[in-house]
Structure formats: C-alpha cells, structure tokens
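Please look over the sequence and the structure shown here. A short report on them follows.

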Amino acid sequence: MDERSATEVVNWAWDTFKEDLVLACGFVADDMVLLDMLSRVAPSLKIAVVDSGRLFPETYEFMDKVYDRYRCKVSFFTPDTGSLQRYLCANGPNEFRHDHKLRLDCCELRRHEPLRRALDGCKAWMAGLRRSQRGKRASVEKVALDAVHAGLVKICPLADWSWEQVWAYVKEHSVPTHPFYEKGYMSIGCAPCTRPSRSGDERGGRWWWEDPKEREDGIHFTFEDEPSK
Ligand code: SF4
C-alpha cells in the first residue's frame, strides 16, 4: 500500500470501508487535505471532531468556513463531564504544564476518551499524520493495524508527504486553512498547549515545554508513562 499515492489510498479506504470509515478532523491543514480528497468520493463520510473544550475561538470560526465549503456532516465528541469536573477540581486548568503525567491525564480525558467513543463501532479511521513531522511519526505507515485502538485499521494517506506538498495541494485546490497558519503556527490544537513554531519544527509549537520525545497525546502512540486512571 505504501507505493500508492495519497489519492489512491483515500479512494481505496472509501471503497473498502464505506460508512465504517471515520475521518478524525482537527481542522489542521493535513486534515483539510484529506477532507477535500474524501469530499470528491465519499459524500456520506463520517467526520469526527473531538472538541476538548479548550480549542481556540478561531478554530470554531474556521469550522463555519469548512461547513460552507464542503457541506459536510460532523459529529462532535466532548469530554465526559464528571471526569472533567473531578480533574479540574483536583488539578486546576493548567497545572499540567508542570507535570507530564497530569498533561497526559488531561489529554486522555479531553481528547483520547472522546475519540475512542468516536471510533466505537467503526472498522477504520483516517488521520493526517506524516513521517516528515518526525518524532514518533517518522515511521508511520499509510495503512496498518492501529497499535493504540485494537481491531481498527488506521489509514494515513499523507504519510510520505512533506509540509510543502500539503501546501501545494491546498493552493492547487483552494482548500480553506486555519487562519493561525498565517501567524506562524505549524500545528494547531488546544489553546493552552499550542504556540507558533518559527524554528521550522512542525511539532515544535505543541507542548513546547516538554521533552520533544514526549510531545504526543496518546491518541496515535502509546507511552511508557501512561496517564493515571
Ligand atoms: S492539548 Fe493541553 S488542554 Fe488539550 S487536552 Fe492535552 S493537555 Fe489538555
């Protein structure tokens, strides 16, 4: 499968899984490229948005533009209220900046647990990971059994794309992009954990206070340092 182009992988994914496929969309440029490709072949695609409750206001504004352009149907998945309340009462909103385990706990309850619900009942999901994002992503495959979510196929059609290829596609197809890219952001997630990355390291603006090896959230990779329950 790795020799196939991104478009071929996208088309194969839809032909193979149809409504059992979910696109996890965080509204970054990579996700927008996948949404654009899928919109051409998969009108009834399931799109899952994990709303952590801490997204930038501009991300919600951008969603409106995406709806207008693609007329897509989106399902939102939000954190469990009770778990979130317990976490906040015990730790406050931003204490995770001083404690990696608390950060993983926050990502688990605000991002990963809602995503698991989004993937419940499907057979495959698609994400915009690329090897050029380095770190744990350097060896991501286009199609593989998901090591984190047992029983699911994980599809990353852009695995062998560069940042430049993403933006060439965006330009060629007039794909809408989050306004923060113009401010120097190279990846966009939760507001307290994302800042511009002027170093050219695409992931450098995410959880920037942590060791680069730890700058993931458990959704795509397992950690030795797992969140506490
Ligand atoms: S990215 Fe930050 S705010 Fe968002 S879930 Fe993870 S720790 Fe919490």
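Which residue in S3 is the bridge partner of Ile47? In S3, Val74 takes that place. The two strands involved are S2 (residues 46–50) and S3 (residues 74–77), which run parallel and are joined by four bridges. Between them the chain passes through helix H3 (residues 57–70), and this β-α-β crossover from S2 to S3 is right-handed. A crossover is called right-handed if, with the strands pointing away from the viewer, the path from the first strand over the helix to the second runs clockwise.

This is a predicted model, in which local features need pLDDT of at least 70 and side-chain atom pairs count only at pLDDT 80 or more, while totals for chains, interfaces and linings use all residues. Residues are numbered from 1 along each chain as its sequence is written.

**Overall form**

The protein has six helices and six strands. These are DSSP runs numbered from the N terminus, helices being H or I of at least four residues and strands E of at least two. From the N terminus on, the order of elements is α-β-α-β-α-β-α-α-β-β-β-α. A compact globule of 229 residues would have a radius of gyration near 17 Å, and the protein agrees with its 17 Å. This radius is taken over C-alpha atoms, and the globule rule is 2.2 Å times the number of residues to the power 0.38. Along the principal axes, the C-alpha atoms fill a box of roughly 45 × 40 × 35 Å.

**The sheet**

The six strands form an open sheet with mixed pairing, in the order S3-S2-S1-S4-S6-S5. Two strands pair if DSSP finds at least two bridges between them. S3 and strand S5 (143–145) stand at the edges with a single partner strand each, so one side of each is left without a neighbour in the sheet.

| Strands | Bridges | Sense |
|---|---|---|
| S2 and S3 | four bridges | parallel |
| S1 (residues 21–24) and S2 | three bridges | parallel |
| S4 (residues 124–126) and S6 (residues 153–155) | three bridges | parallel |

Ala24 has Ala48 as its bridge partner in S2, and Trp125 has Lys154 in S6. S1, helix H2 (residues 29–39) and S2 also make a right-handed β-α-β unit.

**Burial**

Of the 229 residues, 38% count as buried, that is, with 20 or more other C-beta atoms, placed from the backbone, within 10 Å of their own. Five of the five residues of S2 are buried, so S2 is largely enclosed by the rest of the structure. Lys46, Ala48 and Val50 point one way from S2, and Ile47 and Val49 the other way. Helix H4 (residues 81–91) is hardly covered, with one buried residue among its eleven. Gly92 follows H4 and has a positive phi, near 75°.

**Around the ligand**

Of the 13 residues around the ligand, Cys106, Cys107, Arg110, Cys190 and Cys193 come nearest. The shell divides into six nonpolar, two polar and five charged residues. Ala, Val, Leu, Ile, Met, Phe, Trp, Tyr, Cys and Pro count as nonpolar, Asp, Glu, Lys and Arg as charged, and the others, Gly among them, as polar.

Methods:
Near = placed C-beta within 6 Å. Buried ≥ 20, exposed ≤ 12 C-beta atoms within 10 Å, placed from the backbone.
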